[in-house]
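Please open the model in your viewer and keep the selection panel at hand. The stops below are arranged as a sequence of selections.

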Amino acid sequence: MDRRGALRFSAAAGAAAAAALSGAGPARGEEHAADGHAGREERRVLRGHLPTGAPDFVYLPVKVPEGVREISVSYRYDKPEVPAGTPGNALDIGIFDERGTAPPGRGFRGWSGGFRDSFTLGAQQATPGYLPGPVRAGTWHVVLGPYTVAPQGLDYEVTVVLRYGPAGRTPRPVHPPERAKGRGRDWYRGDCHLHTVHSDGARTPREVAAAARAAGLDFLATTEHNTVSGHAAWEGLWGDDLLVMCGEEVTTRNGHWLALGTDPGTFIDWRYRARDDAFPRFARAVHRADGLVVPAHPSCPFVGCQWKFGYAHADAVEVWNGPWTADDELALAAWDNMLVSREEWLPAMGNSDAHKEGQDVGLPQTVVLADDLARRPLLAAIRAGRSYLAESSRISLELAATTGTAGHAGIGGTLRAAPDAGVTVALTVRGAPDGATLHLVTDEGTMCTGPAPSLTWRTTPSLATYVRAEVRHPARPGSGLPGAMAAMTNPVWLGGPA
């Protein structure tokens, strides 16, 4: 299954504005309880029907008495045949505890989207995607997210099992350190969009860490769909050679975005659409947690994936997601069209969005010039655009603009020069694939091309507002499309006070 297949398979992980059960069809419940106290189990079955046009979220209340140590939930729903081209039933699931369901999600205890049909949580442990912690008395809510509903509607059955006994103690979470050994100011390679068994991925964190090292990465970010359970899952997997940052893929009905490099344990709610005007509030929450807001795969054509929130609150944008496809070509064109202001531009990122074997961690990767291998310097470099994107660690490049008066600027920087000053732009690539073509692109378009490994071009700031580079594979004969990307840079800006 390729990256698009994985998105299609896990599409039920996304959702939007919170809504009540009213109008969505009542849930009917059955209760079965065993006698005794410690070791006693109580089983409840909730059934209901959701019509087309059901709310984005449906909350099923569950009364939890004193003495419950563990909650298990399983569910199923019907999948009737639908006409060709019509979405069938897809139903997400998660849970909120007695603290309530209101945004920003104080009562959040876990989410598995449509990837699991059961989960368990208690004080001592929880199914991946869910947070261990006390099971307190009160009204909990199983939350259903009808991602798509067939014309016939959707019939569901949710079984809740309450187990009584001593609660046990919740282990203190162990989060990754903020810093690895590093090499001082240098270029560091990272993949900031990854999934494990803590959402819809098939790899364990240990397997992802091993794949990151094999790919030559210096850092990675854990970004599970709508949950932060993965933040505490990396103990013993980081090291002097690998920094792990925390994050979340906030998966809404109007696009996905990365809450990247946030303080460990920071949960960002996802239950809203663009029409709700809630995104700015949650973007500010990410910034308060010292993270970045990065729209992910903005041109992906699947339900709920295309980006609808605008870019006013973003810090960067994921232009390249997984193996290069037409989606990425569209995202690249849209991003290039935004490069109209050196004060307001958004840097490009590239991430693998890898879910399972066969989807390569580090394809692509973002290579950043940072002061240290540490969370805040890396995020500062990403935000500043001191970075380029590459399909593997085999490729490295240099792009610089210089003037005859010793002016110099690299990727993400600004060359201060008079409008008519002569500027030399030089691109050097190491490890380019066979037959690769180098391109220098400005606000007017592609102005210079040539074969690897190097390319030089002369211009003036009056003719080029910026220059950026692309390294492309040979085009497929007869495709009518440019060759797939092997590497690309953020821009070097030209002009401004000398």
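Begin by selecting Asp269, which is buried, with a relative accessible area of 1%; buried means under 20% relative accessible area, exposed over 50%, and partly exposed in between (1.4 Å probe, protein chains only). This is a predicted model, in which local features need pLDDT of at least 70 and side-chain atom pairs count only at pLDDT 80 or more, while totals for chains, interfaces and linings use all residues. Residues are numbered from 1 along each chain as its sequence is written, and side-chain values use heavy atoms, with hydrogens and water left out.

Asp269 sits in the loop between β13 and α3. Helices (H or I, at least four residues) and strands (E, at least two) are DSSP runs, numbered from the N terminus. Next, display Pro103, Pro104, Gly105, Val250 and Phe282, with which Asp269 is in contact when its neighbours within four places in sequence are left aside (contact means heavy atoms within 4.5 Å).

Now turn to the largest nonpolar core, which has 39 residues. A nonpolar core is a set of buried Ala, Val, Leu, Ile, Met, Phe, Trp, Tyr and Cys residues joined through side-chain atoms within 4.5 Å. Select Trp257, Ile268, Trp270, Tyr272, Phe279, Trp335 and Met488, the residues with the most contacts inside this core. At least two of its residues come from each of β6 (108–113), β13 (255–260), α3 (279–288), β15 (317–321), α4 (326–337) and β27 (485–489). The greatest contribution is that of α3, with 5 residues. Apart from this core lies another, of 29 residues, including Tyr388, Leu440, Trp457 and Ala486.

Strands β23 (residues 437–442) and β24 (residues 445–451) pair in the antiparallel sense over 6 bridges; two strands pair if DSSP finds at least two bridges between them. The hairpin that joins β23 to β24 runs through 2 residues.

Finally, select helix α2 (residues 205–214), whose buried residues are Pro205, Val208, Ala209, Ala211 and Ala212. Viewed down the axis of α2, these buried residues fall within an arc of 165°, so they line one face of the helix; the arc is that of the directions from the helix axis to the C-beta atoms. They pack against β11 (219–222). The face of α2 turned away from its buried side carries the exposed residues Arg206 and Ala214.
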